[in-house]
Amino acid sequence: MKKFLSVMAVSSMVLLSACSGGGGSTATGGKAESGGSGEAITLKVGHTLSETSHYQEGMLKFQELVDEKTDGSVKIEVFPNGSLGAERDMIEGLGVGSVDMVLTSTGPMSGFAPEVTVVDLPFLFRDAEHAHKVLDGKIGQDLSAKVEETMGVKTLAWWENGFRNVTTAKTPIEKPEDLKGIKIRTMESDIHMDSFSAMGAQPTPMAFTELFTALQQGTIDAEENPVPVIMTSRFFEVQDHLTMTRHFYNPSLLMMSQAKFDTLSPDQQKAVEEAAKEAGVYERQVVQDMETKYIEELKKNGMKVIENPDLEPFKKATESVYEKYEPQFGTELIEEIRNTK
Ligand code: EAX
């Protein structure tokens with residue numbers, strides 16, 4: 001996969017630089033300055049969520065920080081709403097030069113860098129603080145390095161989508177048995193699909209860009225997402241019930257085309273990486289604030305919310321997923337994640 005991505009990237013970058021007169025910049029002092037041409041380098045970043053989402057809030061902060069840290073020599077152009085494609089398309093685009101950056105959930109990554117999907121295991125993280133400790137420590141660094149090695153991309157920072165919860169059109173979900181036979185959309189993630197099969201549901205993998213229409217047409221009964229997504233993508237218009245199962249913690253990765261990253265000066269590279277990390281800390285706080293605020297908003301918009309379901313039956317129902325995936329990830333890594341304090 002890496003070889004394919006790098007070959008495609010080289011050919012497309014040659015083509016692109018021929019069109020745009022090339023980039024490259026020398027930098028002096030603490031702020032990266034524009035290169036010989038004096039023109040700013042513009043980096044396009046795509047994500048699938050709306051302009052009011054936590055991803056977009058984080059992106060606006062990232063845009064501001066990059067402009068500031070590079071003294072305007074690098075500009076970030078944000079494309080929300082899947083306007084550069086669904087997450088899988090954008091991840092593929094990194095390798096062929098059609099997309100400079102993508103902010104994606106780890107869900108669709110199983111087709112590109114399966115090692116990173118250990119974070120997608122059900123009920124693996126106690127809370128957001130636990131997840132941040134793991135991702136910001138050696139385990140998160142190792143996972144990012146594996147993504148770079150496997151895919152030939154540059155990982156800039158861990159951001160956050162949040163803890164995922166089940167919504168349904170008509171059926172309140174109080175226990176796993178209530179999911180029996182329910183057609184639920186999942187991300188294109190083997191672990192997520194296996195988890196819902198284990199709970200008796202009928203998982204249907206689908207890109208986020210198709211989800212609202214599928215719910216509206218009733219081709220699926222249910223979906224699962226963090227509260228900020230349910231609110232800002234207006235799923236309350238097509239889903240009546242929300243149960244705070246928090247069954248998966250869903251991190252997001254801000255990734256960049258390696259070929260594009262290599263066109264930046266060392267100072268510009270450092271500035272972009274710093275901005276990505278600082279904006280990620282900001283974005284995680286936005287997620288927490290939105291989760292608190294939006295549960296009440298969702299109730300006001302007519303959703304019936306089960307806020308504190310008994311999670312033990314859901315955890316028990318998904319234990320078989322660990323039996324299947326532990327050999328792939330290794331018991332040691334899973335235990336190390338669980339025991340991170
Ligand atoms: O990464 O696909 C999903 O449900 C994700 O929450 C969305 O794409 C944001």
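**Exercise 1.** In this predicted model, find the glycine just after α3 that takes a positive phi, then list the buried residues of α3.

Solution. Step 1: go to the residue just after α3, which is glycine 97, with a positive phi of about 85 degrees. Step 3: apply the cut-off for burial, under 20% relative accessible area.

**Exercise 2.** Identify the residues around the ligand, and give the distances from its oxygen atoms to side-chain N or O atoms of glutamate 87 and arginine 164.

Solution. Step 1: the residues around the ligand are Thr48, Leu49, Tyr55, Glu87, Ser105, Asn161, Arg164, Arg185, Met187, Phe208 and Asn225. Step 2: for glutamate 87, a side-chain N or O atom is 2.6 Å from a ligand oxygen. Step 3: for arginine 164 the corresponding distance is 2.8 Å. Step 4: arginine 185 also places a polar side-chain atom 2.8 Å from an oxygen atom of the ligand.

**Exercise 3.** Classify the packing of α12 and α13 from the angle between them, and describe their contact.

Solution. Step 1: α12 covers residues 319-329 and α13 residues 331-339; their axes lie 6 Å apart at an angle of about 105 degrees. Step 2: angles of 65 to 115 degrees count as roughly perpendicular, and α12 and α13 are therefore roughly perpendicular to each other. Step 3: α12 contributes Tyr322, Glu326 and Phe329 to the contact, and α13 contributes Thr331, Leu333, Ile334 and Arg338. Step 4: by type, the residues of this contact are four nonpolar, one polar and two charged.

Key
Residues numbered from 1 in each chain as written. Predicted model: local features only at pLDDT ≥ 70, side-chain atom pairs only at ≥ 80, totals over all residues. Heavy atoms only, no water. Axes fitted to C-alpha atoms, helices over the stretch in contact; angles between N-to-C directions. Helix = DSSP H or I, 4+ residues; strand = E, 2+ residues; numbered from the N terminus. Parallel < 35°, antiparallel > 145°, perpendicular 65-115°, else oblique. Contact = heavy atoms within 4.5 Å. Nonpolar A, V, L, I, M, F, W, Y, C, P; charged D, E, K, R; others polar. Buried < 20%, exposed > 50% of the residue type's maximum accessible area, 1.4 Å probe, protein only. Near = heavy atom within 4 Å. Polar contact = N/O pair within 3.5 Å; in protein donor to acceptor, adjacent residues only side chain to side chain.
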